[in-house]
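Please read the following report with the sequence and the model side by side.

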Amino acid sequence: MAIISSKSSSQPKPSAAPTAESPKSAGAVGQPPDDASSQQQPSASPSPIQPQNASEPPSASTKLLEADAQGDEKERQEERLRPQRLADYIGQKSLKEVLGIAIQAAQGRGEPLDHLLLYGPPGLGKTTMSLILAAEMGVSCKITSAPALERPRDIVGLLVNLQAGDVLFIDEIHRLPRVTEEILYPAMEDFRIDVTIGKGQSARTRSVGLQRFTLVGATTKVGALTSPLRDRFGLIQRLRFYELDELTAIILRTAEILSTKVTQDGAEEIGRRARGTPRIANRLLKRVRDFVQVKKLGEINQAIAAEALELFNVDPVGLDWTDRRMLTMMIENFGGGPVGLDTLAAATGEDAQTIEEVYEPYLLQIGYLQRTPRGRIAAPAAWQHLGYDAPDSQLSLLNS
Ligand code: ADE
């Protein structure tokens, strides 16, 4: 299976670079070695970086190459951690069942998979699942992100180059510009696009046929999709936060791939602090691995994991500095709420969209935050966790 990422570092960066605005920068997908012919990515192995003359400062272009090579290396490492097949994928039981049936049925008919919309908080495995679908179907997966599809020709270029059955993955699909979205409608429905040739009075519209393909859209905000786009997906599936036993299994699997020794209770301790999210679990494991290596501590057990993660400001339920500041602000400055999202954003200096899409879902999930028509409320569990006594008025607010 070839993975062709239009996030490729060899292409001009889109003006609204996904990694610049999105917390998902760790999710960028790199290239397997067999894909080298289709993308001219600078290869990091052997390194394209020439040894520097020690007396000369590195040039701007060398710095860029270094950054690219480091990025590529990181992407390759991320790739190694992704499960490759449905059978290796831990968690999301009902999603796997649904997709397993869809794959078998499509293969039985010799057709591509139906278009699929995956939604849920960041880091739960939307990109991974798309790559797995392509692997199971024996096709390529082309990966892009809506902010990279600014101009009609960006999406047209991708669509006309798809091979029969290919998967086209569009991340953050709720951010597609209107013109791009409208090109997708006939592409999804009839596997054709309407292109306008010429200008003014001589302009003519021609219908261009496409190969039958599968669009996998991913979003953290399913409600922000227009209904014509949403309605064109045959399957709409939500990814849920992972249970502790699933995160523990993921951490043990990753530790094995990274040749890092971790005990069951060490993995559980990391899992408890991973906000129900595999991407965070793997990130925390790497930070604890650094800690153990530098302190020459041997294998990761519960006490070591806890000590390391306290150092990295990740508390026993996975809250970080921003979560705690947000909740503390709500409690101290707004009596626990209700407080509007924009007010909270202004008070904390965080971006409203980041609060809504990154921080809130987990706080809602663990019952620390509630959304009401009048605004957000810090729930009694949050008061308690942060060492405050929740007043009775707060309890009655939640029950009203
Ligand atoms: N690594 C990250 N997510 C994973 C998952 N769901 N299953 C196995 N390994 C993973």
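The accessible surface of the chain comes to about 19,700 Å², and carbon and sulfur atoms account for 49% of it; such areas come from the Shrake-Rupley method with a 1.4 Å probe, and for residues only the protein chains shown count as cover. This is a predicted model, in which local features need pLDDT of at least 70 and side-chain atom pairs count only at pLDDT 80 or more, while totals for chains, interfaces and linings use all residues. Residues are numbered from 1 along each chain as its sequence is written, and side-chain values use heavy atoms, with hydrogens and water left out.

Of the 400 residues in the chain, 47% are buried, where buried means under 20% relative accessible area, exposed over 50%, and partly exposed in between (1.4 Å probe, protein chains only). The secondary structure comes to 16 helices and ten strands; helices (H or I, at least four residues) and strands (E, at least two) are DSSP runs, numbered from the N terminus. Among contacts with a separation of 6 or more, 71% join residues 24 or more positions apart, a contact being heavy atoms within 4.5 Å.

In soluble globular proteins, nonpolar side chains tend to be buried together. A nonpolar core is a set of buried Ala, Val, Leu, Ile, Met, Phe, Trp, Tyr and Cys residues joined through side-chain atoms within 4.5 Å. The largest nonpolar core here has 70 residues, of which Ile-270, Ile-300 and Leu-327 touch the most other members. Helix α10 (residues 278–294) gives the most to this core, with seven residues. A second, separate core holds 25 residues, including Val-156, Ile-173, Leu-176 and Ile-193. Beyond its neighbours within four places in sequence, Ile-300 is in contact with several residues, among them Ile-270, Leu-285, Val-288 and Val-292.

With 4% relative accessibility, Thr-277 counts as buried, and its contacts, not counting residues up to four places away in sequence, are Pro-122, Gly-123, Leu-124, Phe-241 and Leu-247. In α9 the residues Gly-266, Ala-267, Glu-269, Ile-270 and Gly-271 are buried, and the buried residues of α9 pack against α8 (244–257), α10 and α11 (302–311).

Why is strand β7 (residues 214–219) largely enclosed by the rest of the structure? Six of its six residues are buried, so β7 is largely enclosed. Thr-214, Val-216 and Ala-218 point one way, whereas Leu-215, Gly-217 and Thr-219 point the other way, and all are buried. Two strands pair if DSSP finds at least two bridges between them, and the table gives two partners of β7.

| Strand | Bridges to β7 | Direction |
|---|---|---|
| β2 (residues 116–119) | four | parallel |
| β4 (residues 167–171) | four | parallel |

Within these pairings, Leu-116 stands opposite Val-216, and Ile-170 has Gly-217 as its bridge partner.

Around the ligand lie residues that include Leu-81, Asp-88, Tyr-242, Ile-250 and Asn-282, each having a heavy atom within 4 Å of it. Both α8 and α10 supply at least two residues of this shell. A nitrogen atom of the ligand lies 2.8 Å from a backbone N or O atom of Ile-90, and a nitrogen atom of the ligand is 3.1 Å from an N or O atom in the side chain of Arg-253. Taken alone the ligand exposes 260 Å², and the protein buries 93% of that.

Methods: A polar contact is a pair of N or O atoms within 3.5 Å; within protein, one must be able to donate a hydrogen and the other to accept it, and residues adjacent in sequence count only if both atoms are side-chain atoms.
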